[in-house]
Amino acid sequence: GRLMAFNHSNSAGNEARYVYVNYIDGGGDNHMGQNKGVSSVSDHGTGDFTVNFSNSFSATNYAFFQGCSSENTNGNRGANGNNIKNTSEKATNSCRVVSYYGSTGSGNGNVTSCKTTTMAFIGHLS
């Protein structure tokens, strides 16, 4: 699909820019799909990866949005999702992300390799 361009000027005249990547994971076929402003994705194991930006953001207060499709076949599990792994790993030039599936009444959630993880980052570039 197509993404609409996002430009927002604040009172200082700095434009916010979006950076996005569709990361194909699971089954050993880890690679970037469509992307803009992402130089690479580093894989650290199941559901744990770092998105490396082509250009740094000016600060770490950029917004993070995500969605993912899972290879989890257990329909009793809760929703899948991605989080920034640790606040300290949200840097101006990269962001470490971890994918999870939800818990049930009788089982804990856990890390998972989503088949496709779509991520967008919006903020001011340096």
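## Salt-bridge network

Asp-48, Lys-85, Glu-89 and Arg-96 are joined in a network of salt bridges. A salt bridge here is a side-chain nitrogen of Lys or Arg within 4 Å of a carboxyl oxygen of Asp or Glu. This is a predicted model, in which local features need pLDDT of at least 70 and side-chain atom pairs count only at pLDDT 80 or more, while totals for chains, interfaces and linings use all residues. Residues are numbered from 1 along each chain as its sequence is written, and side-chain values use heavy atoms, with hydrogens and water left out.

The structure holds 3 salt bridges. In one of them, the side chains of Asp-48 and Lys-85 meet at 2.8 Å, N to O. This pair links distant parts of the chain, 37 residues apart: Asp-48 belongs to strand β5 (residues 48-53), and Lys-85 to the loop between β7 (80-84) and β8 (94-101). Strands are DSSP runs of E with at least two residues, helices are runs of H or I with at least four, and both are numbered from the N terminus. Asp-48 counts as buried because its relative accessibility is 8%, whereas Lys-85, at 34%, counts as partly exposed. The cut-offs are under 20% relative accessible area for buried and over 50% for exposed, with partly exposed in between (1.4 Å probe, protein chains only).

The side chain of Arg-96 also meets that of Asp-48 in a salt bridge, at 2.9 Å, N to O. Arg-96 lies in strand β8 and Asp-48 in strand β5, so this pair ties together parts that are 48 residues apart in sequence. Both Arg-96 and Asp-48 are buried. A further salt bridge joins the side chains of Arg-96 and Glu-89, at 3.1 Å, N to O. Arg-96 has 18% relative accessibility and therefore counts as buried; Glu-89, at 23%, counts as partly exposed. Side chains of opposite charge can pair when their charged atoms come close.

## Aromatic cluster

Ring pairs link Phe-53, Phe-57, Tyr-62, Phe-64 and Phe-121 into a cluster. Rings of Phe, Tyr and Trp (its six-membered ring) pair if their centres lie within 6.5 Å; planes under 30 degrees apart count as stacked, over 60 as edge-to-face and the rest as tilted. A search of the whole structure finds 8 aromatic pairs. Among them, Tyr-62 and Phe-121 form an edge-to-face pair, 6.0 Å centre to centre with 75° between the planes. Tyr-62 is in the loop between β5 and β6 (63-70) and Phe-121 is in strand β10, so the pair links distant parts of the chain, 59 residues apart. Tyr-62 and Phe-121 are buried.

The rings of Phe-64 and Phe-121 have centres 5.3 Å apart and planes at 40°, so this pair is tilted. The pair links distant parts of the chain, with Phe-64 in strand β6 and Phe-121 in strand β10, 57 residues apart. Phe-64 is buried, as is Phe-121.

Lys-90 lies over the face of Tyr-62, at 4.6 Å from the ring centre. A charge sits over a ring if NZ of Lys or CZ of Arg is within 6 Å of the ring centre and within 35 degrees of the ring normal.

Ser-113 is found in the loop between β9 (110-111) and β10 (114-124). With a relative accessible area of 17%, Ser-113 is buried. A polar atom of the Ser-113 side chain lies 3.4 Å from the backbone nitrogen of Gly-47.

Tyr-18 has its place in strand β2 (residues 15-24). Tyr-18 is buried, with a relative accessible area of 17%. The C-alpha atoms of Tyr-18 and Ala-63 are separated by 9.2 Å, and the two residues are 45 residues apart along the chain.

## The chain as a whole

The secondary structure of the protein chain comes to 0 helices and 10 strands. From the N terminus on, the order of elements is β-β-β-β-β-β-β-β-β-β. Of the 126 residues of the protein chain, 33% count as buried.

Among contacts (heavy atoms within 4.5 Å) between residues at least 6 apart in sequence, 57% join residues at least 24 apart. The protein chain exposes about 7000 Å², and carbon and sulfur atoms supply 44% of it. Accessible areas come from the Shrake-Rupley method with a 1.4 Å probe; for residues, only the protein chains shown count as cover.

Definitions and conventions: Polar contact = N/O pair within 3.5 Å; in protein donor to acceptor, adjacent residues only side chain to side chain.
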